Amino acid sequence: MLHNISETALTPEYSGMIKPIESCVHCGFCLPTCPTYSTMGDEMNSPRGRIFLIKETLEGRMDPSEIEPFIDNCLGCLACVSSCPSGVEYGELITPYRAWSESTRERSFTEKLQRFALLKTIPHPSRFRAASKIAHFFKPIARHLPKGFGAMIELAPEELPPKHEFKDHYPAIGPQRGQVALLIGCAQQALAPRINAAAIRVLTRNGIEVVIPKSQGCCGSLAMHIGESKEACRAARKNFDAFPTDVDAIITTAAGCGSGMKEYTHLFAGQDIEEQIQANAFSSKVMDICEYLDQIGFIPPKTNDSAEIKVAYHDACHLAHAQKIRSAPRSLLQSVTGITLLEPAEWEICCGSAGSYNIEHPDTAKELGRRKVANLYDTGADIIATGNIGCLAQIEFHSKDKDTPIRVVHTVELLDEVDRKERC
Ligand code: SF4
Ligand code: SF4
C-alpha cells in the first residue's frame, strides 16, 4: 500500500509498523477468515480496513480516537496472517500500534479500573485465586454491573482446583535425551495446574529433564496485546533473569504465552541493544510443548487398548496463526493407537477468548464462542483437545448449556492419560 508516513515521525520501536502497511496490496483475501468481518460485516472491522485506518492515522490524516472502536474490536487472532498471500505480518502492526496510541488515549474511569484489575489479577496466581473467590459472591448481580466487570464475574470459574506445588527439578526417566525449562504460567497455574503436571510426566517419560525456575513470572502477553508495553517489558525482564540459557528449550503449554514470548524480539525492537540481544536469545529458545515433542521424536505410549477415542482438535489462534503450529499436535495425537482425529469446520475462526477479549468485548466473544462450540460438537467427538488454556475455558464455558457436555483437555493431557491408563 502506498503511504506518506514519515519514518522520522516514528521512534525506532515503532518504525516496524511501516513494513506491514507497505506489504498490503488491498486484495481482500483475508476478509473471510477475519472473525470481526464475519460477525460485523463492515470493511472497517476487517484486516484490510484496519491497515488502511492505521496508515491514515500515522500519516496524520485521522485522529487516533476516530479509529479506536475498530482497533479495539480486533481480537489479535492473526487469522488474517494465515490467509494473506502477500505475507503481511499484521501482528507487527496491531501490537505496536496499540502501544503507540495508548500513550495519548483518554480512557474513562471504568475502563482504567477494568484494565488495572485485569493486569493486577490475571498475571498473579494467588491474586487470581482470591479474585475468583470474591467473584463467586457477585455472580447473581453480574448482569447489572458495567459490561467488562460483569463478564469478568460471569467467566470466573465456580471453583478452582487445589493449589499444585511444582518442584524445581524433574529428572528424565530412562536415557536422557534433553533438558528443558518450563514456564508454568499464571492464570493456568490457578485454573488448571493439571496441564503442566501432565506435561512434566510426558516430557520426563520421553527422556527429558525438566527444570522449573522458581523466580519466573507472567510472560507479559496480556499486557503486550492490550498496548501496555512497559508492563510487558517488565514481565519479560523478570523472565530473562529467571530462566537458564543453557537448556535446549524454554517450553510453554499455553499458546498465548508461547506466541507472546516469541514476540519479545519485537517488543524490545529499538530499545537498549543489550536487551535486544537478550530478547532475541530468549525468544529463539521458546517452544510450544507439542512443537518440542514432535521435534525430538515423541515416543508414543504403548497401548493394547483397541477402543476408539474420537478427538476433535481445536486450533488455538496463537498456536496455529501466530506460531504456525498445526501439524505437530495432530501428528502427536495420531501417533497414539485408538485416537481418531476429527477436524471441525471453520478451524481458522477464533473461539472468542483471545486474551482478555471475552472480558472487554463480551457480546462478540459470546457469538464466536457459541459458533466454535457448535462446530466442535458437530464433529461427534468424544473429547475436544486444544493447546491453550484460554480456548479451553471458553469452550467449556459455552458448552455449559449442552445436555451432554464434551470434555475439553489440553493435547498433552490426552497423551499423558493414554500412557497412565496403560500403566495402571
Ligand atoms: S490478504 Fe493481505 S494483502 Fe490482501 S488485503 Fe488482506 S492483509 Fe492486505
Ligand atoms: S487479527 Fe483477527 S480480528 Fe484482527 S484483523 Fe486479523 S483476523 Fe481480524
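Modeller: Let me begin with a definition: Ala, Val, Leu, Ile, Met, Phe, Trp, Tyr, Cys and Pro count as nonpolar, Asp, Glu, Lys and Arg as charged, and the others, Gly among them, as polar. This is a predicted model, in which local features need pLDDT of at least 70 and side-chain atom pairs count only at pLDDT 80 or more, while totals for chains, interfaces and linings use all residues. Residues are numbered from 1 along each chain as its sequence is written, and chains are lettered from A and ligands numbered from 1 in the order in which they are written.

Biologist: By class, which residues make up the shell around ligand 1?

Modeller: A residue is near a molecule if its C-beta atom, placed from the backbone, lies within 6 Å of it. Around ligand 1 there are 13 residues, of which Cys 24, Cys 27, Cys 30, Arg 48 and Cys 84 come nearest. Sorted by class, this shell has one charged, three polar and nine nonpolar residues.

Biologist: Which helices each supply at least two residues of the shell around ligand 2?

Modeller: Ligand 2 is surrounded by 13 residues, the closest being Cys 34, Pro 47, Cys 74, Cys 77 and Cys 80. By class, its shell has ten nonpolar, two polar and one charged residues. Helices here are DSSP runs of H or I with at least four residues, strands are runs of E with at least two, and both are numbered from the N terminus. The helices that each supply at least two residues of this shell are H2 (35-40), H3 (47-58) and H5 (79-83).

Biologist: Is Ile 54 buried or exposed?

Modeller: Ile 54 has its place in helix H3, and, with residues up to four places away in sequence left out, Ile 54 touches Ile 21, Leu 93 and Tyr 97, a contact being two C-beta atoms, placed from the backbone, within 7 Å. A residue is buried if 20 or more other C-beta atoms lie within 10 Å of its own, exposed if 12 or fewer, and partly exposed in between. Because Ile 54 has 27 C-beta neighbours inside 10 Å, the residue counts as buried.

Biologist: In what order do the four strands of the open sheet stand?

Modeller: Two strands pair if DSSP finds at least two bridges between them. Strand S6 (residues 309-314) is joined to strand S8 (residues 383-386) by four bridges, and S8 and S9 also pair in the parallel sense over four bridges. The four strands form an open sheet with parallel pairing, in the order S7-S6-S8-S9.

Biologist: How many of the nine residues of H22 are buried?

Modeller: Helix H22 (residues 389-397) lies across S6, S8 and S9, and runs at about 180° to S9, where axes are lines fitted to C-alpha atoms, for helices over the stretch in contact, and angles run from 0 to 180 degrees between N-to-C directions. The buried residues of H22 include Ile 389, Leu 392 and Phe 397. H22 is largely enclosed by the rest of the structure, because the number of its nine residues that are buried is eight.
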